[in-house]
Each structure stands twice: as structure tokens, then as C-alpha cells.
Amino acid sequence: MKYSVKMRASKNNDKENLHIGGAESIVDEEDLLNIINSLASRGLNHSRGQADFVNIKINKVREEDIINIRALKTKTIEVDTKEEGLVVMEKLLNSMGIENPQRVIDLLINTKNMRGAIILNILSLERMEGDLDKGVRVTNMDFASRRDISNKNHFKEALCLATKTLNAKAIIGEVCISDDPDYVTGYLANKKEYIRITKLKERGDLNGGRVFLYDPRLDTIENTIDYLENQLVIVHE
Ligand code: AMP
């Protein structure tokens, strides 16, 4: 028997409820209580601030509903400044055939406080998410191997998310900058590779975001969002 466990943490900022982080796992029954503990402590002590509200949701899942996929290959490109990092990203987007890489980068670096990702139609350059404030949140994925999740491992968690996302028929790329103020490495993923770029923002910057590159010729937006939100995926390294 397996369970999906999801945590999200927020704090009260003036009258707003500000999202500060989330995490999730798909676990066997015998690991369930340990995972709940790890996720609760992680939600309460986040680098974006102490939570006022932590929500933990547990769902039983059917093993036959899970698909198993192999993690994307990874590589790292070292840069010294965020400007250099963004130039590398622009060149990689160009090499993937994206005609307007600057539009993708502008969207990415101007994103603030979204819980999910922007989905950009690469032909019309329109945003495809129904809720433009929240974006689309990819959930229901985990690695096959167990690891300590009481602290965030940016690289591994993003690799899991990117592997699931790039397995969607119509998502041909993803760019990401963390919203964690002390994590400046970001990445670009395509169908074959997850490419880390070691500096894409200044330390201390609370902004970050994700943009998924959607090719409407490959699948409908409804199928794509349904897959991203609901399909259970286990990633094997
Ligand atoms: P993070 O890599 O967790 O620092 O997140 C960076 C940004 O990616 C966040 O500010 C959100 O806009 C977006 N994001 C975080 N988690 C998800 C998710 N599960 N699905 C889609 N977008 C996400």
C-alpha cells in the first residue's frame, strides 16, 4: 500500500496569506509516519520565513495508477554572474528552436510569489494557465529511492519535478529560478537533459519562478495540465 503525502506552508503577511513552501512524497505504509514528521518540521522552519500555517494532506494511492520513468540526464554549467547565467540560458533556448528566448527569460525573472508554474505557448507566446496568479502546480511525483526530506534538496526535488514535467507530450522545455533567497543555481531542462546553471539571481533575492514551454501541436492544454497535476509518477535514478 502506498500513500501520497503533501505539505504546504504559509505565513500571514499584512492581510495576505503568503505561500512559503511545499513538499511531497509517495511512500510505503511503513514510512508514512516518519515522512509526516519530516514534512511538518520542514514546513515549520523554512528559509523564506517561519510558517503560521502548515497543511499536510494524506491520500491512499493505487500502485497500478503509478507510472515509472527514468530521471533526465544532468549536467552543470558554471558561471560567475547572473548576467552570464542568463546569457547561457538564452543560448540554450535558442538552440532548442525557441524563437523569442527573451520573452521566456522576462517572464521567468519577473515572476513573484507564484505557487505554480507559467505555461507558455511557444507559438502564440500566450500564457495558458487558467489561474495566472497561482500558475499550474506539478504534484504527485517522487523518487523511487528514499532520502531524508526534512530539509530541502533543491537539486534532487527539481530534478524529480522536471523529469515528470518533460515527460508530458507537449512540454518541450522548462526554465526555473528558485524562490529561496540563498539558492542561486537555476536550470533549463529539455526532453533529454537537465542543465544546471550555477548563478541566475543574486543571493538574498526572494523572487523565483518556473516557465514550462508548451507546444500546442503535440497535445491539448487540458491533457497537459491534467497530466502535470494528477498523474502519479515515480522517478528512477
Ligand atoms: P522552488 O524551486 O521550490 O524554489 O520554486 C521556484 C518557483 O517554481 C516557485 O516560486 C513557483 O513559482 C514554482 N514552483 C514551485 N513548486 C512548483 C510545483 N510543484 N509545480 C510548479 N511550479 C512550482
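Asn140 is buried, with a relative accessible area of 9%. Here, buried means under 20% relative accessible area, exposed means over 50%, and partly exposed is in between, computed with a 1.4 Å probe on protein chains only. The model is predicted: local features need pLDDT of at least 70, side-chain atom pairs count only at pLDDT 80 or more, and totals for chains, interfaces and linings use all residues. Residues are numbered from 1 along each chain as its sequence is written, and side-chain values use heavy atoms, with hydrogens and water left out.

Asn140 is not a glycine, yet its phi is positive, at about 70°. Its place is the loop between β8 and β9. Helices (H or I, at least four residues) and strands (E, at least two) are DSSP runs, numbered from the N terminus. Leu125 is another non-glycine with a positive phi, about 60° in its case. Leu125 lies in the loop between β8 (118-121) and β9 (141-143). Leu125 counts as partly exposed because its relative accessibility is 25%.

## The second largest pocket

Rolling a probe the size of a water molecule over the atoms shows where empty space is left. The search runs on a 1 Å grid over the protein atoms alone. A cavity is a set of points where a 1.4 Å probe fits but cannot get out; a pocket is an open set with protein on both sides within 12 Å along at least five of seven lines. Lining residues have an atom within 4 Å of a point. Grid points are joined across faces, edges and corners, and a volume is the space filled by probe spheres set on the points.

The second largest pocket has a volume of about 210 Å³. Which residues line the second largest pocket? They are Arg8, Ala9, Ser10, Glu16, Asn17, Leu18, His19, Phe53, Asn113 and Arg115. β2 gives the most, with four residues. By class, the lining has three nonpolar, four polar and three charged residues. Ala, Val, Leu, Ile, Met, Phe, Trp, Tyr, Cys and Pro count as nonpolar; Asp, Glu, Lys and Arg count as charged; the others, Gly among them, are polar.

## Gly22 in strand β2

Gly22 is part of strand β2, which spans residues 16-28. Beyond residues up to four places away in sequence, Gly22 touches Met7, Arg8, Arg42 and Arg137. Contact means heavy atoms within 4.5 Å. Gly22 and Asn55 are 33 residues apart in sequence, with C-alpha atoms 9.2 Å apart in space.

An α-helix has 3.6 residues a turn, so residues three or four places apart point the same way. In helix α3 (residues 101-109), the buried residues are Pro101, Val104, Ile105, Leu107 and Leu108. Seen down the axis of α3, they fall within an arc of 160°, so they line one face of the helix. The arc is that of the directions from the helix axis to the C-beta atoms. Their cover includes α2 (82-95), β8, β10 (171-177) and β13 (209-214).

In helix α5 (residues 221-230), the buried residues are Ile221, Thr224, Ile225, Tyr227 and Leu228. These cover an arc of only 160° around the axis, which puts them on the same side of α5. They pack against β6 (66-70), β8, α4 (154-166), β10, β13 and β14 (232-236). Asn223 is also found in α5. At 42% relative accessibility, Asn223 counts as partly exposed. Asn223 and Ala170 are 53 residues apart in sequence and 9.2 Å apart in space, C-alpha to C-alpha.

## Cysteines

How many disulfides does a search of the whole structure find? The count is zero. A disulfide is a pair of cysteine sulfur atoms within 2.5 Å. For Cys160, which is in no disulfide, the nearest cysteine sulfur is that of Cys176, 13 Å away. Cys176 is likewise in no disulfide, and its nearest cysteine sulfur is that of Cys160. Cys160 is buried, with a relative accessible area of 5%. Cys176 counts as buried at 6% relative accessibility.

## Leu72 in the β6–β7 loop

Leu72 is found in the loop between β6 and β7 (73-77). Is Leu72 buried or exposed? At 11% relative accessibility, Leu72 counts as buried. Not counting residues up to four places away in sequence, Leu72 touches Leu159, Ala162, Thr163, Leu166, Ala189, Asn190, Lys191, Lys192, Glu193 and Tyr194. Leu72 and Leu132 are 60 residues apart in sequence and 28 Å apart in space, C-alpha to C-alpha.
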